[in-house]
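This briefing is intended for a reader who has the sequence and the model at hand. Please consult both while reading the points below.

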Amino acid sequence: AKVLVSGVNGYVGIWVASAYLEHGYSVRGTVRSIERAGKHIKDTFAKHGDKFELVEVADITASGAFDEAVKDVDLIAHTASPFHFLGKEPSELIDPAVKGTVSILESVYAHAPTAKRVVITASIVSVWTYLIDSPRTFNELDWNEQAVNLVKEKGAEAGPATIYGASKTLAEKAAWEFVEKNKPSWDLVTINPPYVFGPPIHEVNSADALNTSQKFLFDILTGKLPEDGYETVSHNLVDVRDVAEIHARAAELPQAGGTRCLISAGAFYPQDELDIANSIEPKPWDGLPKGRPGVTKDKRHLITVSTDQFDRVYGFKMHTPAETIGDSLKDFKARGWIA
Ligand code: NDP
């Protein structure tokens with residue numbers, strides 16, 4: 001079977017393509033520019049011979065952009081969408097997120113009669129909101145309407161994280177609405193991860209050039225957050241290799257069809273991640289900061305994620321945070337980013 005993976009040069013996208021190849025699929029990956037992004041990807045997948053091919057989709061927001069790319073594919077994994085906190089205008093994120101999603105679905109609908117399932121890399125930010133006063137566990141019935149409303153009211157003033165949240169919420173809603181309205185012969189699966197951490201295999205030449213999530217982990221582990229940043233806001237994390245594996249299994253498991261799947265390896269304060277890193281033996285890096293060990297011991301997390309649906313549909317053992325963090329540190333060291 002053949003899978004189309006959009007955004008195959010991204011941190012998540014290249015791991016997702018790799019998982020499909022390991023599961024025996026042929027993969028057609030898309031990038032905006034083969035000239036800019038092609039060599040590293042082709043080198044990475046050279047061992048898979050003609051089971052991997054790379055095509056260009058220069059503007060994912062254009063109607064019909066994926067018409068050629070979807071031909072003869074059995075599955076589609078849509079990962080391409082901006083994830084950064086640098087957007088000045090909401091449209092910088094919302095347009096590619098929403099139009100990119102609708103455009104790939106339209107192309108599948110019109111030009112991929114062999115397609116059985118579309119898997120979208122959604123996000124936990126289309127589920128939860130930080131605008132709550134007391135701790136809450138979110139599940140797959142929740143939608144981050146607050147981000148959408150805030151961006152509607154305040155535009156750019158809503159702030160970059162809220163803009164990102166709105167972009168992912170609107171894109172995922174557009175996908176479910178497309179399916180509801182058009183009743184295609186294929187079904188839809190969304191995977192909704194929190195912060196994705198773990199060693200990158202995409203092209204990245206400096207720590208500063210890391211993708212948003214892994215750069216956040218780098219900053220945590222190298223002591224770059226402001227002091228109160230280690231103990232005031234917690235987040236959930238998941239390993240990039242597990243995110244990729246879930247995409248591959250999403251293609252295979254009948255019961256995955258039609259589900260939004262929240263995933264998480266747990267909620268952590270950055271200090272907890274430092275504590276975990278410091279407990280790894282042998283020590284991955286002598287320079288690891290200690291922070292203030294134990295300071296979060298009695299703190300509750302504002303947000304936790306229900307993984308009941310993950311357990312029901314996928315139910316495999318994910319990497320432990322110690323593995324994710326330990327392997328990330330090893331990778332930073334191997335690249336010479338920590339000495
Ligand atoms: P990266 O920045 O590493 O990858 C983003 C991918 O999307 C790249 O292929 C990029 O291509 C493409 N892309 C971004 N903007 C555009 C655009 N305007 N037009 C066309 N393509 C675009 O980020 P991640 O790998 O982390 O993100 C991949 C997906 O995973 C996204 O959908 C993101 O929302 C989702 N996600 C990520 C999480 C994480 O913690 N990393 C958590 C939850 C969800 P190019 O290089 O050409 O810009």
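The model is predicted. It holds one cavity of 30 Å³ or more, and 25 residues surround the ligand. Helix 8, covering residues 270–279, is largely enclosed by the rest of the structure.

**Cavity**

- The volume of the largest cavity is about 60 Å³.
- Its lining is formed by His78, Thr79, Ala80, Ser81, Ala97, Thr101, Ile120, Thr121, Ala122, Lys168, Ala171 and Glu172.
- Two or more lining residues come from each of helix 3 (90–111), strand 5 (117–121) and helix 5 (160–182).
- Helix 5 supplies the largest share of this lining, with three residues.
- Sorted by class, the lining comprises five nonpolar, five polar and two charged residues.

**Ser123**

- Ser123 lies in the loop that runs between strand 5 and strand 6 (136–138).
- Because its relative accessibility is 5%, below the 20% limit, Ser123 counts as buried.
- The Ser123 side chain reaches the backbone nitrogen of Val125 at 2.9 Å.
- Leaving aside residues up to four places away in sequence, Ser123 touches Tyr164, Lys168, Ile191, Asn192 and Pro193.

**Ligand surroundings**

- Among the residues that surround the ligand, the closest are Asn9, Arg32, Tyr164, Lys168 and Val196.
- Asn9 places a polar side-chain atom 2.7 Å from an oxygen atom of the ligand.
- Lys168 likewise has a polar side-chain atom 2.8 Å from a ligand oxygen atom.
- For Val12, a polar backbone atom is 2.8 Å from an oxygen atom of the ligand.

**Helix 8**

- Eight of the ten residues of helix 8 are buried, and the helix is therefore largely enclosed by the rest of the structure.
- The buried residues of helix 8 are Pro270, Gln271, Asp272, Glu273, Leu274, Ile276, Ala277 and Asn278.
- The helices that these buried residues pack against are helix 6 (212–221) and helix 10 (321–334).
- They also pack against strand 8 (195–197), strand 9 (235–239) and strand 11 (267–268).

Terms used: Residues are numbered from 1 along each chain as its sequence is written. This is a predicted model: local features need pLDDT of at least 70, side-chain atom pairs count only at pLDDT 80 or more; totals for chains, interfaces and linings use all residues. Side-chain values use heavy atoms; hydrogens and water are left out. On a 1 Å grid over the protein atoms alone, a cavity is a set of points where a 1.4 Å probe fits but cannot get out, and a pocket is an open set with protein on both sides within 12 Å along at least five of seven lines; lining residues have an atom within 4 Å of a point. Grid points are joined across faces, edges and corners, and a volume is the space filled by probe spheres set on the points. Helices (H or I, at least four residues) and strands (E, at least two) are DSSP runs, numbered from the N terminus. Ala, Val, Leu, Ile, Met, Phe, Trp, Tyr, Cys and Pro count as nonpolar, Asp, Glu, Lys and Arg as charged, and the others, Gly among them, as polar. Buried means under 20% relative accessible area, exposed over 50%, partly exposed in between (1.4 Å probe, protein chains only). A polar contact is a pair of N or O atoms within 3.5 Å; within protein, one must be able to donate a hydrogen and the other to accept it, and residues adjacent in sequence count only if both atoms are side-chain atoms. Contact means heavy atoms within 4.5 Å. A residue is near a molecule or strand if one of its heavy atoms lies within 4 Å of it.
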